[in-house]
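Please read this briefing alongside the sequence and the model shown below. It takes up the interface, the sheets and the overall dimensions in turn.

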Amino acid sequence: MEKLQYKETRPRLEKEIEVTDLVKRFGHFTAVDHISFDVEKGEIFGFLGANGAGKTTAMRMLCGLSKPTSGKGKVAGFNIQHEPEQVKKNIGYMSQKFSLYNDLKVWENIRLFAGIYGMADKEIKEKTEILLQKLHFEKERNVLVKSLPLGFKQKLAFSVSIFHTPKVVFLDEPTGGVDPVTRRQFWELIYEAAANGITVFVTTHYMDEAEYCNRVSIMVDGRIEALDSPNNLKTEFEAKNMDEVFQQLARKATRQSD
Amino acid sequence: MKQFLTFVQKEFHHIFRDHRTMLILIGMPIVEIILFGFAITTEVKDSKVVILDSSHDVATRHIIDEINANKYFNVVEYIHNSNDIQHIFQKGEATLAVVFEDHFYETLLHTGKAQIQLIADASDPNTATTVTYYANRIIADYQQTLMVQNNVPYQITPNVKLLYNPEMKGAYNFVPGVLGMILMLICAMMTSIAIVREKETGTMEVLLVSPIKPIMIILAKMVPYFVVSCFNLCSVLLLSVYVLGVPVAGSLFGLILVSLLFIVVSLSLGLLVSTLTNTQLAAMLVSGMVFLLPVILLSGMIFPIENMPVWMQWLSDIIPAKWYIQAVKALMIQGLGIMNILKETGILVLMTIIFIVISLKKFNVRLE
C-alpha cells in the first residue's frame, strides 16, 4: 500500500480560520487559555490533545455553538462572536457520536441535511447520484442507515457533512472505532475534500492519523503547546513518530482527564 | 419553509418507522377508554346479599322481593342463624346482610316502629356506602307505601333529581379524565423523549451546528405529536359518544378548541422537560412522576378535589389537567357553552406562555 502522506501541491491561499487569544472560562475554570492559530484554505489541520485538554470546547467556539469569554476568532471569513449564523452556513460538522439518523434511509439522510443547508431539490438529486456512485452505495440508497456497517456509516456521515460544499469542515474524532482499512479509505475522502478546496479541521486520538495532516497543534491544559507540520515537530522533539511527540507534551499536563 | 417541511417529514418518519411506539400512541387511548368503560368501574352492580329473616311475614317478604328485583342486588342466601353472618363475610360471600327483627310486621303495626339491621363489608368503603344507600332507599320506598295506606297526617317526600348524569354512570366522570391523561402523556412525555433522544444520539449537536434555528427544530418535533394527539382526541370522543354513551351535551366546537389548547400546553410542558433532562430515561421518569401521577391523583379525575386538604387543593391548581378536565366536564357533561369556561381557558393560556418562555430561555442557555 502506498504510504499516505500529504504532498505540498496547492498554492498558499487566504486564511480560512483565524484565532487570536481565544479564551473560554466556566466559572473559575479556564477550559481554553489564550490560544492563537491560523488555518489556510484547503489545509488539513490536526487538532490534538488528551481528553479534557480543551479541544472540544475550542471546536465548539469555532462552530458557533459556544461564545468565547474573550479573544477573537474568524471562520470562513465571519466573526464567530458576532456572526455565528453566517459561520454556521459555511461550515460542515461531523460529531464523534454518529451524526446521521438511524431510522432514515441513506437518501433521506442526504436530503435532510442538504435541505437544512438550503440546497435546491434539483442540485440535491444530482449530487446524491454522484455521491452514491462514488461511494459504491447505489444499492444501499433505500436502506435504513442503522443496518449499514460502521465503516459505511462513517464514510456516509463525512460525505453528508461536506455535501453542501462548506468552506470549512470540522471533524470531531471521526474515525473512532473504525477498522484500519476503512480509516484509510476515510482519509482518502478527506484528502479529496481538501483538494477541492475544503479546509479540514480534525481532532483525533490516533497518532498515525496525525501524520496525515498538513499541520498539527497539540493542546495541553487549555494551551497550544506545539504547532507545526508533523515532520518539523518530530525533528524538534527528536522523536521517531508523532506518538512520541505527543507523549512528551502530554506528560506535562496537570489537569485530570475526564 | 421548505427546510421546516423537510424537518417535519423526518419527524414523521421517526414515529411511523417505530411500529411499537406507534401502536402505543394510537392504541393506548382506545384501550384505556375501553378499560375504564367496561372493566374498571366504580358502579356497584349485582352485589351479593344474604337475608336473615325469622319473621317471614308480609312486610319482610315485600322488602326482600324489592331487594332482589333491584339491579344492584342479588339475594344469594337465606340464613337462619346470626352467627353465620360473620362467617359469610369472612369468606367474602356477601357484601351486604339484611337482618329483620323477630315479628317484624306485627311490631310495626302495633308500636309503629320496627328495625332492620344492614351489615355491609366496609373493607371497600365506597362500595359499602353505596350498597347501604341503595338498601336504605328500598326500605324508605316501602315505608312510603305504608304511609299512604295508613294516611299519616304529616308527610315529607324528598324528590331527588340527579342532574347531568341521571343514571349515575361512571363514564361521565372518567372520560374527561382519560382525555386529559392521554393528551398529557402523549404530548408531554413523547415530545420530551423525542427531543432528548436527539441529544443522546448526538444528532442534536449536528443540528445546532447547522444554520437551522433551534425554534424550528422544536416546532418540527411538535407537529407530528400534535397530529397524533388530534387523532387520539377524535378516537376518544367517538368511542365515548358511540360506545360508552356519554353525550357531548354542550358546545362541540368549544370542546375541540379547549382540547387543542390543552395539547399545546402539554407540548410546551414536554419541551420544558426536554430542556431539563439529558437522557431519555430521565425524561420519562420526570414526565411520569411529575406530570402523569399528579394528573391521575390531583386533577379530580379519580379523587374529588373538594375532599382534599386545603394545601393539596392549592397544589392541584398548578396542574394543567385539572383545569382542562373541569372545562371538559362543563362542556361535555353539564352542557355549558364556551363562555362558561373562560377562566379555565385563560389559566391554560397563561400556563402555555410560562412554559414556553422558560423553555426557550433554558434552551438558549444550554447552547452557551
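**Where the two chains meet**

In this predicted model, 22 residues of chain A are in contact with 20 residues of chain B, two residues being in contact if their C-beta atoms, placed from the backbone, lie within 7 Å. The predictor gives the complex an ipTM of 0.85 and a pTM of 0.78. Local features need pLDDT of at least 70 and side-chain atom pairs count only at pLDDT 80 or more, while totals for chains, interfaces and linings use all residues. Residues are numbered from 1 along each chain as its sequence is written, and chains are lettered from A and ligands numbered from 1 in the order in which they are written.

**The chain A side of the interface**

- On the side of chain A that touches chain B, the elements that give two or more residues are helix 2 (84-89) and helix 3 (106-116) of chain A, where helices (H or I, at least four residues) and strands (E, at least two) are DSSP runs, numbered from the N terminus.
- Helix 3 of chain A gives the most to this side, with five residues.
- The residues of this side divide into nine nonpolar, five polar and eight charged, with Ala, Val, Leu, Ile, Met, Phe, Trp, Tyr, Cys and Pro counted as nonpolar, Asp, Glu, Lys and Arg as charged, and the others, Gly among them, as polar.

**The six-stranded sheet of chain A**

- An open sheet of six strands in chain A has the order 6-7-8-3-9-10 with mixed pairing, two strands being paired if DSSP finds at least two bridges between them.
- Its edge strands, which each pair on one side only, are strand 6 (91-94) and strand 10 (223-228) of chain A.
- Strand 3 (residues 44-49) and strand 9 (residues 215-220) of chain A pair in the parallel sense over five bridges, and Val216(A) in strand 9 is the bridge partner of Gly46(A).
- Helix 6 (residues 180-195) of chain A lies across strand 3, strand 7 (168-172) and strand 8 (199-203) of chain A, running at about 145° to strand 8; axes here are lines fitted to C-alpha atoms, for helices over the stretch in contact, and angles run from 0 to 180 degrees between N-to-C directions.
- Helix 9 (residues 242-250) of chain A lies across strand 3, strand 9 and strand 10 of chain A, at about 25° to strand 9.

**The four-stranded sheet of chain A**

- A further open sheet, of four strands, has the order 2-1-4-5 in chain A with antiparallel pairing, and its edge strands are strand 2 (29-40) and strand 5 (78-79) of chain A.
- Strand 1 (residues 15-26) and strand 2 of chain A run antiparallel and are joined by eight bridges, with Glu40(A) in strand 2 as the bridge partner of Lys15(A).
- Helix 1 (residues 55-62) of chain A packs on this sheet, touching strand 1, strand 2 and strand 4 (70-75) of chain A, and its direction makes about 120° with that of strand 1.

**Chain B and its dimensions**

- The secondary structure of chain B comes to 14 helices and four strands.
- The radius of gyration of chain B, taken over C-alpha atoms, is 28 Å, well over the 21 Å that the globule rule (2.2 Å times the number of residues to the power 0.38) gives for 368 residues, so chain B is more spread out than a compact globule.
- Along its principal axes the C-alpha trace of chain B spans about 95 × 45 × 40 Å.
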